[in-house]
Amino acid sequence: MAALLALPSAGTAGAAEPERLTIDLATDTGAFHGGASGSLYGVYGDGVPSRNVLEGMHVRTVSTKAQDGPQHPGADALEMLPPFVDSGGEDVYIYMTDIYRGFPYQWPGADGPARLADFKEKIRKQVRQVLSMDDAYQDHVVYVPFNEPEGNMFGTGEWSYNRVSWLNDPQHYFAAWKDVYHLIKGLDPDARIAGPNTSVLYNQVKGFLQYAKANDVVPDVMSWHELSSPAAVRTNVAKYRQMEKDVGVGPLPINVNEYGHNFHLSVPGQVVQWVSAIEESKIDADLAYWNIDGNLNDSAVEANKGNGQWWLFNAYGQMSGHTVEVTAPHPNQQYTLQGVATLDEDKKQSRAIFGGKSGDADVVFENIDPKLFGTTVHATVQEIPWTGQVGDSAQPRRLADQELTVGAGGTVTLPMTGMNEMSAYQVILAPGGNGGVPAEPSVSWRRTYEAENATYTGGGYSRNGPEGSPSQVGKFATSGGYNVGGLRTGSDGVLSFDVDVPRDGTYDLSVFANSYNLYEMVKQQGPTNVFLRVDGKDPQELRLPLGYKWVVWGHTDTTVKLTAGRHRITLAAKDADLGVTKGDAIVDKVDLSLRDADVTAPALYEAEYATLSGTGPGYTYPGASGPGAVPLAKGDSATFWVYSPADGESTVSVDHLGGGGASLALNGEKLDVSQVGGARKGTDRVRMFLSGGINKITVTGATRELGLDRLRVTPTSGTLTTKVYQAEAGTVTGAAKVTDAYTFASGGKAVTGIGDGKANALSVDVVASKAGRHAVTIRYSNAEQAPATHYNPDPIARHADLSVNGGPARRVLFPTTFHFNNFWELTVPTTLKKGTNRLTFTADELPDFDGDTYNQYDQRSPYAPVVDRVAVTPLATKQP
């Protein structure tokens, strides 16, 4: 359990002298850069992940494969370039070598010169393709001619130039670099080129710089990989900067385009340690690609959801102004408390994110300027928990929201207690003393129960681990380091958790579990089903999460009613009333939390903490919640990243202080509702259809100046009427057919075989009560996977070409669900006419970029996903 101790009014330390993370607001360490939010192979195409997820994570750079490269399905540079740039991205680094299959790259040719000649022709084609893009997109391209050349094209292996490593004899690599550099610049004089892109920062990179300077072929961006530790980031950036000084080049922009290991990725408390080192070094860096592409390196869940790591980067990306000096208790040491902090004088706001330690610590803000903050500060403290690689996460938990008196030395101390090393934490400081109303914590009682400490009866038990750890960074992180197996087909196993709860009530229960989707027992049904009971009563059947490998964690959530005191919660492989388990699962832990008024209250999103454009927060509004409000003049905007647990209706309450009016946009679309605001303080309630996961809500000033206080969001029902249409009730043509092969389809039936030509289609007639924008929610499954040549599983995002009433088709990508009997929902905003509308789903294989060839490795599917049902809901309406 993580909580915040009662906060002292001034900078007093605890008697036990806990560790201190000190943030000196008077020491400016440079403009905030935001470079740690890069991704290698993280974007599959437009919609996988969604633009909401891309923009809300503030992804700055992406390294990805050459257009039409056969390395992996999707992630083609010129297909993901427009949605990435349109979502606020900066640069796309094209791995030009990924035009070849295999790793090491299988470039053809009888000898080194022949192989290089073939590669140069492919480079020529790639540059020509980039030049066919609009200038607005070309400007965001960076070419990476060679990737890890010491282990690939200019290494010692079978597929190398001459089986001599350039680290020992660089002549051929240097000549090739010069040749390719001139080739690219000759075709595109404005091109930016990155290199040498080594697997580590070798000492030989200095010789590369010397050659590059002497031959006028210095890269525009220096790049290498850091599959090491955050400490190595700081050390190697400093080492490289010294190389530049010694050679007399630069300083060049740096992109460390692979960082982190499986043990780190998805874990906010681990990744924040990398973020602090990368931000302090003022470089760009991309999360490493160990698993599947298109999920932002284990940040994105499904198409439009984020896990804890996503919310960490959402917090990081909302920093602004300049960074300030942060002194950690163990500076530049991995697996200890580390952090990064900023100060924005214009917003009068400081933000800090930190983590990496269990237990207690003091977070100390020093040199708080009274001219900016006054003598009282408003402090909001949030926790960003680990939710697994494929586990959806709600917005950060609010641990505390309080007004604090600044000590005589300009110091405020926040004593943190019970921190979890897998969580990251955020503190936002703003001026206080303006009558702002602090918010209650969004959580109260919660506990974690490790599976390895639970009681197991029956056969088949296994205690698995240790899993990922500082000494085993290639393995996946696991709570407590161990997990339990035994709940599988044919088992009589029962896993029993003894819990003790403080009061009568409803409790949220999350089971962290995993089934490997391609394991033989799991392939038969898909999600592994187990049976939950409380004290032997009230049976529930749970379907546990699938993953792309073992020890890839998600969570299945339910509620249980408990009385105060001790109870036994059991997960069993058979149940006398409900049936037997099919599949095979491992269990990591269960989380139990009281579902009280703090949890069921609307989620709060303070306007002064939003992403602001053209305005800054105001801290002298009487009666505002939190530290203040935001004055929205005409054209000013506040953007909120709002969470929804599922696709469906929510009530968005816009609390304001009056003074003007504003319009609303949802996920980039202006809503057809009347303005919010008015002359006086009030609340406007808008019913919106929110997509499960991440939603972007923008409030834009329209008349005079509206004092925007906050949004309050809660799931509701009954206003936006949803109409559901089963796919099997639609019209199928050609090879498309109704199937009962997928037992978890609603009603037991779905439609398969859509695609491989427009003749094989599904048409569904839906009815809209009025014309306008609607949410079309498609329940689907997709488990197509291409053969891989390395450690990455290669699931394919199938597509559907969706047309309305015979109009132009819109291509929609559907990420893998890991099994055809595992169904997810994807919402597509669609314009419908009043009355009956025909939605038609078709699919066909896309050719390569030039339209004259097709992928020969089955990496571009001609098929649509299996479609279970379609639901139609109006997008929004304003309540009177």
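Modeller: Gly668 is found in the loop between E40 and strand E41 (669–670); helices (H or I, at least four residues) and strands (E, at least two) are DSSP runs, numbered from the N terminus. The model is predicted, so local features need pLDDT of at least 70 and side-chain atom pairs count only at pLDDT 80 or more, while totals for chains, interfaces and linings use all residues. Residues are numbered from 1 along each chain as its sequence is written, and side-chain values use heavy atoms, with hydrogens and water left out.

Gly668 counts as exposed because its relative accessibility is 61%; the term exposed requires over 50% relative accessible area, buried means under 20%, and partly exposed lies in between (1.4 Å probe, protein chains only). In sequence, Gly668 and Arg51 are 617 residues apart, yet their C-alpha atoms are 9.5 Å apart in space. Strand E40 (residues 660–666) contains Ala662, which is buried because its relative accessibility is 0%.

E54 gives the largest share of the lining, six residues. By class, the lining comprises 12 nonpolar, 10 polar and 13 charged residues, where Ala, Val, Leu, Ile, Met, Phe, Trp, Tyr, Cys and Pro count as nonpolar, Asp, Glu, Lys and Arg as charged, and the others, Gly among them, as polar. Pro49 lies in the loop between strand E3 (38–40) and H1, and the peptide bond that joins Val48 to Pro49 is cis, with omega near 0°.

A further cis bond runs from Phe103 to Pro104, with omega near 5°; Pro104 is in the loop between strand E5 (91–95) and helix H3 (112–131).

The UniProt record, in an unreviewed entry, lists residues 447–593 and 723–873 as "domain: CBM6"; its positions are given in the numbering used here, feature names are shortened, and annotations may be inferred rather than shown by experiment. Residues 447–593 are 3% helix and 56% strand, with end C-alpha atoms 6 Å apart. For residues 723–873 the figures are 0% helix and 45% strand, with the end C-alpha atoms 7 Å apart.

The structure holds 35 aromatic pairs. Among them, Tyr173 and Phe208 are stacked, at 6.2 Å centre to centre and 20° between the planes. This pair links distant parts of the chain, 35 residues apart, with Tyr173 in helix H5 (residues 171–187) and Phe208 in helix H6 (residues 205–214). Tyr173 and Phe208 are both buried. Another pair, Tyr548 and Phe818, is tilted, at 6.3 Å centre to centre and 55° between the planes. Here the link spans 270 residues, from Tyr548 in the loop between strand E29 (546–547) and strand E30 (554–562) to Phe818 in the loop between E53 and E54. Tyr548 and Phe818 are both buried as well. Rings of Phe, Tyr and Trp (its six-membered ring) pair if their centres lie within 6.5 Å; planes under 30 degrees apart count as stacked, over 60 as edge-to-face and the rest as tilted.

Two arginines also lie over rings. The charged end of Arg543 sits over the ring of Phe744, 3.7 Å from its centre, and Arg463 lies over the face of Tyr482, at 3.9 Å from the ring centre. The criterion is that NZ of Lys or CZ of Arg is within 6 Å of the ring centre and within 35 degrees of the ring normal.
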